Amino acid sequence: MADRTLPIDGSLDLTPPREGESTWLETLHSWVITVDHKKLGLMYMMLAIFFLLVGGGEVLFIRIQLAVPNNHFISPQVFNRLFTMHGTTMVFLVGMPLVFAWANYMIPLQIGARDMAFPRLNAFSFWLTAFGALFLYFSFLGGAGLYGVGNAPDVTWWAYAPLTARAFSPGNATDYWALALLVTGFGTLGGAINIIATALSMRCKGMTLMRMPLFTWLLVVDSGLLLITITPLTAAQVMLMLDRYLGSHFFDTQAGGQAYLWMHFFWIFGHPEVYVLVFPAFAIASEVIPVFSRKAIFGYPAMVAASVGIAFVSLGVWAHHMFTVGMTSAGNAFFALSTMLVGIPTGIKIFNWVATMWGGKIRFATPMLFCTAFLFQFLTAGLTGIMLSVAPWNWQLHGSYFVIAHFHYILVGAIVFNVFAGIYYWFPKATGRMMNETLGKWHFWLFFIGFHVTFDTMHFLGFEGMPRWIYTYPADRGWDHLNLVVSIGGLIQGVAVLIFAYNLISSLLKGTIAGNDPWDAWTLEWSTASPPPAYNFATDPVVHSRRPLWDVKHPEDPDWKYE
Amino acid sequence: MMLPEWLRVGRIAGFVFLLAMFLSSYAFAEGPQSTPSIFAPTSTPAIDIHHLSLFVLEITGAIFVVVASLLTYVIIRFRAGNAEDDREPAQIYGSNQVELAWTVIPVLIVVVLFLTTARVIFAIQDAPMPQAALDVTVIGHQFWWEYRYPKQGLVVANELHVPLSDAKQPTPTHLKLLSADADHSFWVPQLMGKIDLIPNHPNEMWINPLTSGLYVGQCAQFCGVQHANMLLRVYVDTPEQFAAWVNNQAKPGMQDPSVAEGRRVFETEACMNCHTVQGTAATGRFGPDLTHLMSRDTLASGEIPNTRDNLRQWIKSPDSFKPGALMPAMQLSDSQLDQVTTYLETLK
Amino acid sequence: MSAIPLVPGGHEQTWHLPSRGRVGMYCLIIGECAIFTIFVVAYVFYIGKSLNGPTPAQVLEVPIFNTICLLSSSVTIWLAERAIERGILRTFGLWWAATIALGVTFLIGTGLEWYKLIYHDGLTIRTNLFGTTFYSIVGLHATHVVVGLTMLLLVLLFTLTGHVREEHSERIQVLALYWHFVDAVWVVVFTVVYIVGR
């Protein structure tokens, strides 16, 4: 895409390049000790992509085991560790780092700042996450060692009491789970604090809160939610460790404790957590869809309000994960209602995105392909969520493959799709090179097909009574054909992701040069060089509207006349 | 390169068609089936849930059709045309009327959905039990099911027998759900949704089966290494069948002198530490009650058919069928295995 | 000089953003409140549910003196903040030291209370649900007091070596904010444990 933009005066990097290349050791050292938000953002991204591949590898074993009934590909012990690690990895080592990858890289650039508010805290948070991840995966080497999958956690990623009590989990598997996540949890807290402080205290002149890009808005709301989302999990994990090591009785049913207290605490974390994970997907959609439709986002204030609304309502729906634990009918009714209510602001967002595309001139480059698929898939996932909110129906669907299908529709169909969109969109900014469009389209179509083959089919397995967390199933249940189809879809997705990985690396090495603004976009990051210089902007930008570059490119029709 | 629009729309239509075919294939199921589908209910609460689910599917289906069609239309109609036209389209920043409309309509939909949902919640959870209801206490263990019939004084394992009910004169079964160890969940889809078994937190549910036969399900809350093989078998018996079964279960354990050898193996090789055989010295409670072991169709909580060979192999090595099961292999010799199997085969 | 050719009509407003230290500390406090809330919920949920062992009414004595010390330390730290705002470093140092002394007194008082409970009343974290929830919530609070005192001591050291000056008053206030939070949490813990739960 030809660069047709006028850069904001003074924002280009005019310093000549450094004489002489660094040695690889010097380069590595500069990355390890960095406090630069761009490098840290990229490190979070590399961590996330790495663990996406690891988590994907784990599920490959799972799907081979489940492809046929009564399979003996892996033992139940190994299976239980693999699915626990798959869930834990995807949520805490992929989904959460992605929040910080996007936020750390993009927010200072989008608000015209030099760096995050607390650069050293930023680095500290990243390394806490990285070491927590290392600790979690060290568990594979514990216990009986690697091929028995060691001492990896095997209690599902929910780690329900009393299964996690010493009596039922005598080894250290549960300890790895709790301690690793305690460590990454502190990293998360630091990251969230940093994001909020940055957005509130470091905006460039003229950028009021209601002129921040929606991408930034969503990640700031996300961080606010994180402050009170990750901390209940920290508290519950401390209680779990006290039970296991100091003999306390928080979840000890023999001493009068209640197992469902863990459930409440876990889901008070766990439900808002899924909104924490999905907000970056909303953020990316809110940037990509307008730019590729050539229109401003429809209803910016409503989008902000809906995001804040979703964050608030999401704090009051947690027990919809507990409809089967024996709450009163009034309790079940309350949580059914609150869950249905969260569909309203979410629906508003979908409508706003569609309205943004309405009347536009849509270019279906790879980022937009992924975002369009996201819209269909997020709509579907929201509707299966409504189905799950109907408590009596939930009594059938809970703990079945229908739920797995629903949340993968969000985690993969909404989040991963939009993460791919975001990478194709911002890769040129971060590296100065375009990703290959042809490979991008192969990646998209294969992933789209594989995704639907797997996860559309999976809903029906739930309807047919297949529960979760089972390492095998009898031959006479009639689940065999659908399971085989689900597994095949997984392989297709795997191939697509490999194409993506190849595209990533080869584009890094020999992609076409991108220029400042290959997509003809409107937010501040596109006004500086690709990749941005260390200081981001040579002079502090001053903005007067939500789309500063639109104002520059269309001086006869600037946004500030209409906002 | 984009797929032709007809193919994209066709994909969605095809999915809807498949869904309709699938659902209709179960709409007229009349009795128990080996695939425990939630769309083939034969017991009142499951039937109520089914009706509610169809209503919800209609609403969510309609929403999907409307929004997906809109999205498809937008994709087709507003594609960027030729590359020469560089002008940007009209920039629309919002519209109060439109935004109000698509806020109000979802609110109304939520109101309708919630009211219908709440009605069914209260109808199922707060339904008063008739006097004729059968009471059964279900106790979840790792990895088997214990059933106690307090009024009949029975303790059985792994295969639940309940009486067939009638729409006009209902004889539902009221289940009290307890757990001896971790969390479990009782899920027989054709009879009712699942309710969890949580230690120190008794739960309740009820079923009202209107068609007799064998219904299958399994534990639906991860409870440890053999969660996958904690299978459920619910036999909905006609009144005569049920009475006969109760009569048989109430008898004490068979005392056949010809299998005294096997019985001694049973009692000296620590079997009685975990298992009960009514009327003998074996009063262990950790494992299933074996008094009428031969009245069951399966072993290991539904996992294997109850045959002599399977029984012998199970005793020899539970791990060979159910790796991680809490019954240890007692290292019996071949002759001991033969004897104890022969003894157990008399426990009809 | 604005880099954008067209500037909307109107005056240049002063561009004022909140201090990042303050925002960061408020965020940390919000997160910490969530952690404490979970422990308070567990405490309240388990009131009266212990199966055995000493009950709160049997063994708990209301720690009036301790509480007065801790809450007064909020006053002394506030006085210290006022002093450094005005650049009176000696007064600042004195009030700062007083705050630390009061905090340490509180910790000693807690230690004495725990000694009595453990060795005379036989109440430990594993005795019953009351023991579990009591030691965890009071212990969590005490941990935060320890962290706070460590930071306060560091500042005192810097003050004594002459490194703290008037221009650091903003940072001092951010740290004082944490200390006020710790005191406020004690009000909640005190009410739940010694009044509601006894």
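Modeller: A salt bridge here is a side-chain nitrogen of Lys or Arg within 4 Å of a carboxyl oxygen of Asp or Glu. Keep in mind that the model is predicted. By that rule, the interface of chain A and chain B holds 1 salt bridge. The partners are Glu88(B) and Arg294(A), whose side chains meet at 2.6 Å, N to O. In general, side chains of opposite charge can pair when their charged atoms come close.

Let us stay with Arg294(A). Its side chain also meets that of Asp520(A) in a salt bridge, at 3.2 Å, N to O. Arg294(A) sits in the loop between α8 (259-293) and α9 (300-314) of chain A, while Asp520(A) sits in the loop between α15 (480-510) and α16 (548-553), so this pair ties together parts 226 residues apart in sequence. The backbone of Arg294(A) deserves a look too. Its phi is near 65°, a positive value in a residue other than glycine. Most residues other than glycine have a negative phi, and most peptide bonds are trans.

Peptide bonds come next. The bond from Ser530(A) to Pro531(A) is cis, with omega near -5°. Pro531(A) lies in the loop between α15 and α16 of chain A. Phe143(B) lies in the loop between β1 (134-141) and β2 (144-149) of chain B.

Now widen the view to the whole interface of chains A and B. Chain A brings 106 residues to the contact, and chain B brings 95. The area buried between them is about 8500 Å², and carbon and sulfur atoms give 69% of that. On the chain A side, Trp395(A), Gln396(A) and Arg477(A) lose the most area to chain B, together 9% of what that side buries. Of the 2 pairs of chains that touch, A and B have the most contacts.

Over all chains, the count is 22. Chain C does not touch chain B; their nearest C-alpha atoms are 12 Å apart.

Two packed helices are described by the angle between their axes and the distance between the axes. Helix α6 (residues 308-316) and helix α8 (residues 334-344) of chain B pack at about 125°, with axes 10 Å apart. That angle makes α6(B) oblique to α8(B). Their crossing is right-handed. From α6(B), the contact includes Arg308(B), Leu311(B) and Arg312(B); from α8(B), it includes Asp334(B), Leu337(B) and Asp338(B). By class, this contact divides into 5 nonpolar, 2 polar and 5 charged residues.

The contact of α1(C) with α6(C) has 16 nonpolar, 2 polar and 3 charged residues.

Helix α3 (residues 64-85) of chain C comes within 10 Å of α6(C), axis to axis, and crosses at roughly 165°. That makes α3(C) roughly antiparallel to α6(C). This crossing is left-handed. Contact residues in α3(C) include Leu70(C), Ile77(C) and Trp78(C), and those in α6(C) include Trp179(C), His180(C) and Trp186(C). By class, the contact of α3(C) with α6(C) has 11 nonpolar, 6 polar and 4 charged residues.

Back to the starting point. Arg294(A) pairs with Glu88(B) in chain B and with Asp520(A) in chain A. Arg294(A) itself lies in the loop between α8 and α9 of chain A.

Definitions and conventions. Residues are numbered from 1 along each chain as its sequence is written. Chains are lettered from A and ligands numbered from 1 in the order in which they are written. This is a predicted model: local features need pLDDT of at least 70, side-chain atom pairs count only at pLDDT 80 or more; totals for chains, interfaces and linings use all residues. Side-chain values use heavy atoms; hydrogens and water are left out. Ala, Val, Leu, Ile, Met, Phe, Trp, Tyr, Cys and Pro count as nonpolar, Asp, Glu, Lys and Arg as charged, and the others, Gly among them, as polar. Axes are lines fitted to C-alpha atoms, for helices over the stretch in contact, and angles run from 0 to 180 degrees between N-to-C directions. Helices (H or I, at least four residues) and strands (E, at least two) are DSSP runs, numbered from the N terminus. Angles under 35 degrees count as roughly parallel, over 145 as roughly antiparallel, 65 to 115 as roughly perpendicular and the rest as oblique. A crossing is left-handed if the near helix is turned anticlockwise from the far one by less than a right angle, and right-handed if clockwise. Contact means heavy atoms within 4.5 Å. Buried area is the accessible area (1.4 Å probe) that two parts lose on being put together, summed over both.
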